[in-house]
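Okay, thanks for making time, everyone. Let me put the model up and then talk you through how its inside is put together.

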Amino acid sequence: MTNDRNPGENDVTGATIWLTGLPSAGKTTIARELARRLRAEGRRVELLDGDEIREFLSAGLGFSREDRHVNVQRIGFVAELLASNGVLALVPVIAPYADSREAVRKRHQQEGTAYVEIHVATPVEVCSVRDVKGLYAKQAAGEISGLTGVDDPYEQPDSPDLRIESQDQTVEESAAAVRALLAERGLL
């Protein structure tokens with residue numbers, strides 16, 4: 001797919017802002033706060049929530065490495081499509097494998113679309129206390145297996161564009177840090 005947009009005086013820069021991290025790290029919470037702020041500034045924003053994508057775009061996929069890769073590529077494709085059309089696509093998705101995230105980054109580079117990777121680097125101990133969806137409790141009780149960061153791998157980004165330690169700052173501070181990075185990169 002190529003970017004066939006005709007830049008004009010009303011052209012607005014889009015970008016994909018990918019927030020990766022463990023379950024219950026705070027990715028979606030930060031993305032929602034950032035979306036609220038950006039919309040209040042008049043920006044076009046879409047939030048591609050990983051759970052919603054699994055339900056509507058990736059239904060039928062499991063949690064094998066291959067299925068997770070396919071899911072991430074699908075989300076990356078949609079995010080790039082939105083971003084190449086002037087939308088700030090916020091993507092709070094675990095995306096546990098470095099090669100899957102790198103493939104999404106490369107797609108964006110090939111299309112000339114901005115891509116920003118944010119690592120929400122909340123320690124697993126903090127995530128398990130937050131346990132927003134009850135996944136850590138289910139894993140501990142033996143009800144589920146393959147929980148990212150516990151009994152399934154999570155490959156932390158080596159050099160994300162921004163690393164947020166959500167346990168050390170408020171949601172508002174985290175969203176402000178992402179917004180500041182976007183402004184610094186000329187994406188706002």
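Predicted model: local features only at pLDDT ≥ 70, side-chain atom pairs only at ≥ 80, totals over all residues.

Let's start with the largest nonpolar core, which has 28 residues. The members that touch the most others are Ile-17, Leu-19, Leu-90, Val-116, Ile-118, Val-178 and Leu-182. At least two residues each come from S1, helix H1 (27-40), strand S2 (45-47), strand S3 (88-92), S4, strand S5 (162-164) and helix H7 (171-184). The largest share is H1's, with five residues. Take Leu-182 as a case: beyond its neighbours within four places in sequence, Leu-182 contacts Ile-17, Leu-38, Val-116, Leu-187 and Leu-188.

So what about H1 itself? H1 is 14 residues long and spans 20 Å from first C-alpha to last, close to the 20 Å you'd expect at 1.5 Å a residue. Its buried residues are Lys-27, Thr-28, Ile-30, Ala-31, Glu-33, Leu-34, Ala-35 and Leu-38. And what do those buried residues of H1 pack against? The list is S1, S2, S3, S4, S5 and H7. After H1 comes Gly-42, with a positive phi near 90°.

Hold on to Trp-18 and Tyr-115, please. The model has one aromatic pair, and those two form it: tilted, 6.4 Å centre to centre, with 40° between the planes. Trp-18 sits in strand S1 (residues 15-20) and Tyr-115 in strand S4 (residues 114-120), so the pair ties together parts that are 97 residues apart in sequence. Buried or exposed, these two, Trp-18 and Tyr-115? Both are buried.

Arg-54 lies over the face of Phe-63, 4.0 Å from the ring centre. Likewise, Arg-65 lies over the face of Tyr-97, at 3.9 Å from the ring centre.

Last stop, Pro-96. You'll find Pro-96 in the loop between S3 and helix H4 (98-111). With a relative accessible area of 4%, Pro-96 is buried, because anything under 20% counts as buried here. So what is Pro-96 in contact with, leaving aside neighbours within four places in sequence? Arg-68, Arg-101, Thr-148, Pro-153, Tyr-154 and Glu-155. As for Glu-66, which is 30 residues from Pro-96 along the chain, the two C-alpha atoms are separated by 12 Å.

That's my tour, happy to go back to any of it.

Technical notes:
Residues numbered from 1 in each chain as written. Heavy atoms only, no water. Phe/Tyr/Trp six-rings, centres within 6.5 Å; stacked < 30°, edge-to-face > 60°. Helix = DSSP H or I, 4+ residues; strand = E, 2+ residues; numbered from the N terminus. Buried < 20%, exposed > 50% of the residue type's maximum accessible area, 1.4 Å probe, protein only. Lys NZ or Arg CZ within 6 Å of the ring centre and 35° of its normal. Core = buried A, V, L, I, M, F, W, Y, C linked by side-chain atoms within 4.5 Å. Contact = heavy atoms within 4.5 Å. Expected span 1.5 Å × (residues − 1).
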